[in-house]
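Hi,

Here is the structure I said I'd pass on.

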Amino acid sequence: MNFRRFFLSNPKKISTDAALLIVPLAALFILGPMVITNQAIFMELAVYIMLADALNIVYGFTGYLPFGFGVFFAVGAYGTAILITHDAWPVGASIIAGACFAALLSLLFTPMLRLSGAYFAISSMAAFEAVYLIFSNTQLTFLTGGPYGITFTQVYNPNLDYMIAAILAAVSALVVLLISKSTFGIALRAIREDRFAVELSGVSSLRYRTYAWLISSFVSGIAGGLYGWYLGFFYPEAVFSLTDFSVLVIIFVLFGGRGTVYGPVIGTVILFLAYQLLSLYSANLLLIIFGVLLVLLVLFIPNGIEPLFRKIVKTIFPPGGSD
Amino acid sequence: MSLFIDAFITSTLLAAFFSIAALGLNVVFGVMRIVNLAHGEFIVMGSYLAIALALHYNFNPVLSLAVIVPFFFVVGLLLYFPIVPRLQKSDDPEMGSFILFFGVSFALEGIAVQMFGVNYQSLSYSVFRPLHVSTLGTTIPTAWVVTALVSVAAIVLVYLYMYRTGLGLQTRALMINREEAMANGVSVNRVSAIAFGISIALAASAGAFSSFISYPTTPSIGDTFTLISFAIIIIGALGNPFATVVGAIVFAFAYGYTDIYEPNWSALVPFVILIAVVLARPQGLLGRKAREF
């Protein structure tokens, strides 16, 4: 395989796009906590950006919707927590190892990638539930803390964690940018459009889907590890939440624009902050509003708000802007 | 040995209940090729309506079906027309429906919390007299037997609709081959709308009994029902309503027996079976081909 071509089919335009992604994110993560003095909100935002980018790699590019994809996030968090509590590993190594657990788990699930649409979505949901029931089982309390949760406050360091998460959120956005500009990304998009044509041109769609799946689960695992570290203590339900770490992320990606570079980031920033604002007033109203929003999104703007954003950028920086 | 028989009877009754709980979901998938992720929420809503009727008018759940079935049939129709035809025109209705109906389930859950609060509610076994019946040396609540009987009746009614009426014939035609059915003049919208209404009404009817036999009613239990229903219809066969019964039997027996012998792991079993079935035979135990390269 020609790796240069594999990773960079179009290196020229990347720097503009990279700047357009990183500068606003950096500003947001540095200035944000100064304006709203609640670092936890921005920590979660960074985690969500990573998750949205991870989901975008699988769902956005290949069109396969892993409904229970939050399982990798949770396994990343648990892997990190377990290595720190039981083996006293340093935090960085634990997070990376936790993400590797997530990637291993995704390898275990690769047979599911052979399934078509609804079957894939549902079986990934079932896999989520199964893994959750294993981790929260009372008979595994010695290892995972079972339903009583797991504590590892000895390494608690929210400021450092926040910094790393913010940087990695930007990095994950760059990863998506790189993928979208590479032949790899083109292959993934081709799979979304027409799997049969891809197979006919001699490309193994299964293999490419597996790569996307692996990258996605690894990024989710890192996000999970960072989030777990920030919490220092969590119950299984705090990380194994289908609503919080699968569905919400799907909404963010869909709202922003799936399969695009900016979409997941824009969608996450706007909706997550709206979510935080709304939850100040009524958590219940929030469910109803997000539910209705989801219905309207699918029916009326299935491509998200990214095209709109693109138009705005083009009016501000007329010619020679982003493609 | 009596433990074994006990589990057998319980599992049989559970299978009947889970059949009716999941049947509607499969009808919708079969006819419309869309996935109703809000299915469980309609079970919950039916349950709340049954509880309210019992509380205010002293209806027993069988009687309350006279209100629940027409009410939720109409709800189904009202939901169908603004959403489904439009959804089916989009480029990926199956995935779109996943997300869209999750939105519906979000909204329904929010409404349920608003109206009924988050506390557990159940119907009392004492709505049926005598309280218990004894067979084969085991004693079971009458409510469970009634639940199973109503479920069987509902399945028979759906069967009669599908195989003995003109609309049922059109419904089956639509399930087997959408394009050809349309080319032969099947009125897609009418047939689909009725199927959707039936599906919601079935879910709500299952809900009327759910607090006896499965879980007490809370707004958040809907997701569990949705997942269980999915497990069942996939184990049976997606898009084949009567394979639901087979799926429910497999599910209920796996759950019933592990619940008695290994209660710590019983919740896990259905999902493991689901994943195993999906990987080994994704079309379900009774289905047609579903796997891709």
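Before the details, a cut-off for the exposure labels: a residue is buried if 20 or more other C-beta atoms lie within 10 Å of its own, exposed if 12 or fewer, and partly exposed in between. Also keep in mind that this is a predicted model.

By that cut-off, Arg33(B) counts as partly exposed, because it has 18 C-beta neighbours inside 10 Å. I picked Arg33(B) out for its backbone: phi is positive, about 55°, although the residue is not a glycine. You'll find Arg33(B) in the loop between helix H1 (2-32) and helix H2 (39-57) of chain B.

Asn58(B) is another one to click on. This residue, again other than glycine, has a positive phi near 60°. Asn58(B) sits in the loop between H2 and helix H3 (61-89) of chain B.

Now the interface. On the chain A side, 40 residues are in contact with 41 residues of chain B. Three helices of chain A each supply at least two residues of the side that touches chain B: H6 (117-135), H13 (242-256) and H15 (283-300). H6(A) gives the most, with 13 residues. As for make-up, the side of chain A that touches chain B divides into 29 nonpolar, 8 polar and 3 charged residues.

That's what I have so far.

Cheers

Terms used. Residues numbered from 1 in each chain as written. Chains lettered and ligands numbered in written order. Predicted model: local features only at pLDDT ≥ 70, side-chain atom pairs only at ≥ 80, totals over all residues. Contact = placed C-beta atoms within 7 Å. Helix = DSSP H or I, 4+ residues; strand = E, 2+ residues; numbered from the N terminus. Nonpolar A, V, L, I, M, F, W, Y, C, P; charged D, E, K, R; others polar.
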